[in-house]
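Please keep the sequence and the model in view while reading.

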Amino acid sequence: MQTILLSHEEVGRIATQLYENSIRQQVESAENIGKMVIIDIETGDYEVDKNGLHASHRLHERHPDGRLFG
């Protein structure tokens, strides 16, 4: 699989779009206040944790070649 290079701005735009269109309604709750959302911009999969590094590691386990954005 060939990787397409994206600018930081493009990665951020894709992640924001995913968050606004499909993730926000699932994660914005009182229990998640102060936590980080890490998104794989290629699959739309995500993890939530108070520690962004822990969320990134769990997401990376599922998608080793994913492009993560927090």
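Which residue takes a positive phi in the hairpin of E1 and E2? Gly44 does, with a phi near 80°, in a hairpin that has 5 residues between the strands. The model is predicted: local features need pLDDT of at least 70, side-chain atom pairs count only at pLDDT 80 or more, and totals for chains, interfaces and linings use all residues. Residues are numbered from 1 along each chain as its sequence is written, and side-chain values use heavy atoms, with hydrogens and water left out.

**Sheet**

- An open sheet is formed by 3 strands in the order E2-E1-E3, with antiparallel pairing; strands (E, at least two residues) and helices (H or I, at least four) are DSSP runs numbered from the N terminus, and two strands pair if DSSP finds at least two bridges between them.
- Strand E2 (46-49) and strand E3 (68-69) are at the edges, each with a single partner strand, so one side of each has no neighbour in the sheet.
- E1 and E2 pair over 4 bridges in the antiparallel sense, and Val37 has Val48 in E2 as its bridge partner.
- Strand E1 (residues 36-40) also pairs with E3, in the antiparallel sense over 2 bridges; Ile39 stands opposite Phe69 in E3.

**Helices on the sheet**

- Helix H1 (residues 8-27) lies across E1, E2 and E3 and runs at about 120° to E1; axes are lines fitted to C-alpha atoms, for helices over the stretch in contact, and angles run from 0 to 180 degrees between N-to-C directions.
- Helix H2 (residues 52-62) packs on the sheet and touches E1, E2 and E3, its direction making about 155° with that of E2; contact means heavy atoms within 4.5 Å.

- In E1, 4 of its 5 residues are buried, that is, under 20% relative accessible area with a 1.4 Å probe and protein chains only.
- Beyond its neighbours within four places in sequence, Val48 is in contact with residues including Val27, Met36, Ala55 and Arg58.

Technical notes. Buried means under 20% relative accessible area, exposed over 50%, partly exposed in between (1.4 Å probe, protein chains only).
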